[in-house]
Structures are given as structure tokens and as C-alpha cells.
Protein chains: 2
Amino acid sequence: MKYGIALFPNKEIQDEANSYRKRYDSHYSLIPPHITVKDPFRMTEKEMKDLIPEMKKLANNMKPFTISIHKVSSFQPLSNTIYLKVEPVEELMELHEKLHSGKFPTLQGNPFIPHITIGQNLKDDEFSDVYSSCRMKSFKLEDRIDRFQLLYQLENGSWTVYETFVFGEEKL
Amino acid sequence: MKYGIALFPNKEIQDEANSYRKRYDSHYSLIPPHITVKDPFRMTEKEMKDLIPEMKKLANNMKPFTISIHKVSSFQPLSNTIYLKVEPVEELMELHEKLHSGKFPTLQGNPFIPHITIGQNLKDDEFSDVYSSCRMKSFKLEDRIDRFQLLYQLENGSWTVYETFVFGEEKL
């Protein structure tokens, strides 16, 4: 099975992200707006279940923290993905780091740039139009993060939440 | 905010359901295949947070149970919804009952008929065609249910998981 770990920001931020995603994100219908903290990885169900206590421990060692979004950015020239830039606060970087060390699969590609994708798989022309208008906008979005979610992927490419891990609230 | 409580069956069942939903369910992209155990209801975030301990208690008092799916059925003439019929085992009925008593909002419309919707909002002709072919099929699908999920609805109508409650595993 293919698993991933993500944060879902609050409804205000998700609604804002969806107002762009609806038009510009080919993955709009596959998953709600999210911040990926561990890229999709393959595990057996048994391996996943063995990792659950690790995720609970990790969650119990985290304290809620605030994320902020002020602007739109893009991964170009690496890719044409457009995203809400999530300021890289220490706690978020730490969560990502911990999810890639110890008993967690460490496979890691690009450096971690916290973001909420709002556009992807656009044609070059469309990308230029959309990005040049989006990058001028400024946002004052904040959220208090107190949990992360383990998801798995269905055959149609969509994601289902398997379990939520709330900081300081998990039974070991 | 609008909340709902649902069970997500295993990937095999979700994939099976999606093979129909893709063509016949207008809500295909709004939520993964699910069994609703509490219909959408409105609450403030404060009220929701006050209910979390109740959901944890409820989850801790449940034991994992098995659900079975053998056939397709429909709510006609009440509605044209087509669904995978989930056999109404005692534990599932009890979970539904508990989510509508005590401190939980009791508002309840129709009697509880456990199901996974695979078609809805079809035109009469299409409904007849689809249902007459689906109702002949038989299934041998089973899943062990050990959790339920609290979801909230975004402005675009889609649902995001807020929290998972695992039977016997919640910290009070």
C-alpha cells in the first residue's frame, strides 16, 4: 500500500486553497488541501501497523505550534507547481525531520519546503498567467497545528485517512 | 461548521465501491467510499471540542467487529440512491445508537440502514439501467471495523477528517 503523512490546515485555509485548486490543481478531487510532511512511500499493512506506536510517540513529544501563510510561490524551474508558502517554523521542520529518522523510512528526495499546493500540471502559458497574478497577492493566514494524519492511497489515486495523531493526546 | 461521522472500510471495499461511484455517484470526488454512522449536523467548533471526550469514551467501549457486504440495494422509492448493503450487525447498530444518545445531538431522520453509496442523483432512466444490472451481482466483501472518523465539510462540499477514534485505544 502507498502511504503518506500530511497536515490538514483549518477550514479557512483549506477553503482559500480550494478556490485556486478547483481551477488549477489536477489533484483537486483526490485529497483536501494539505501540507505533506512525508512524501508517499510504500509499506505493507503489517509494517504500517508496526509504525503506529512510533507515530504516537512522536505526536506525544510534539507541542501545538502556529503556522503562517503570507504569499504564493512556485517550484519553478524544478516544476510548475504553484503553492501557498508555509513559513518554515522550527516545529514543522522538526516534525518532518523526525518522520524521516529512527524507525521511519528515511527515503527523502528534495529538501523540505513546507507548502500547500494550489496549482499543478498546468501548461506553460497557463502557468505563467496564473502565477504572475497569484504571486502579487498577500495573505494573513494562520493556524494552530496540533495533529498529523496518516493516509493511504486508493486505486483511483485518491487518499483516505487511516489515523489521526494528536500532539500529547495519544495512548501508548 | 457541518460535521459528520463515518467509517471508512478497507481499501478493497473502497476500490470496489469507487469502480461504480466514478460513473454513478455525483459525490464521487467529495469523500472516499464510507458508511455514514451519523448524518451531517451543525455544531460550533467549541461544541465539537466538548464532544471529543464523549467520542473517545464511546470508542474505548467498543470492540472491533466484522462487517459483510453481499449485495447491492436501493432506497427507492424514497430516493434513487444505489448502495452496497452492509449487513446490520449488532455492533454497528449499537455504534449508531450511541452516537445519537447521551451528549450527542439526537436529531435523527430515517431509520439507520448501513450502506455504502455507489450511485446517486441519477436520472430515472439511468437509475433503472444501472440498478437492474447491479442488483444481480453478489459480493463476498468483509472488513474488520476498529475505528470511526469525525469529519467536517468545506465550502466546496468536500469532507476533511478531523479525528480518528480507535476502539479501545483512546486516551481519556
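Which elements of chain A do the buried residues of α3(A) pack against? The legends below, written for a predicted model, take up this question and then turn to the contact between the two chains.

**View 1. The buried residues of helix α3 of chain A.** Helix α3(A) covers residues 90-98, and its buried residues are L92(A), L95(A) and H96(A). When the helix is seen down its axis, these buried residues fall within an arc of 95°, so they line one face of α3(A). An α-helix has 3.6 residues a turn, so residues three or four places apart point the same way. The elements against which the buried residues of α3(A) pack are the strands β1 (2-7), β2 (35-42), β3 (65-74), β4 (82-86) and β7, together with helix α2 (45-60), each of them in chain A.

**View 2. The contact between chain A and chain B.** Chain A brings 31 residues to this contact and chain B brings 32 residues, and between them the two chains bury about 2,400 Å², of which 45% lies on carbon and sulfur atoms.

**View 3. Polar contacts and the side of chain A that touches chain B.** Across the interface of chain A and chain B there are 19 residue pairs in polar contact. On the side of chain A that touches chain B, at least two residues each are supplied by α1 (11-24), β7 (147-153) and β8 (159-166), with the largest share, seven residues, coming from β8(A). The residues of this side comprise 12 nonpolar, 10 polar and nine charged ones.

**View 4. A salt bridge between the chains.** Six salt bridges are found across the interface of chain A and chain B. R147(A) forms a salt bridge with E163(B), in which the closest N and O atoms are 2.9 Å apart.

Note on methods: Residues numbered from 1 in each chain as written. Chains lettered and ligands numbered in written order. Predicted model: local features only at pLDDT ≥ 70, side-chain atom pairs only at ≥ 80, totals over all residues. Heavy atoms only, no water. Contact = heavy atoms within 4.5 Å. Buried area = accessible area lost by both parts, 1.4 Å probe. Salt bridge = Lys/Arg side-chain N within 4 Å of Asp/Glu carboxyl O. Polar contact = N/O pair within 3.5 Å; in protein donor to acceptor, adjacent residues only side chain to side chain. Helix = DSSP H or I, 4+ residues; strand = E, 2+ residues; numbered from the N terminus. Nonpolar A, V, L, I, M, F, W, Y, C, P; charged D, E, K, R; others polar. Buried < 20%, exposed > 50% of the residue type's maximum accessible area, 1.4 Å probe, protein only. Arc of directions from axis to C-beta.
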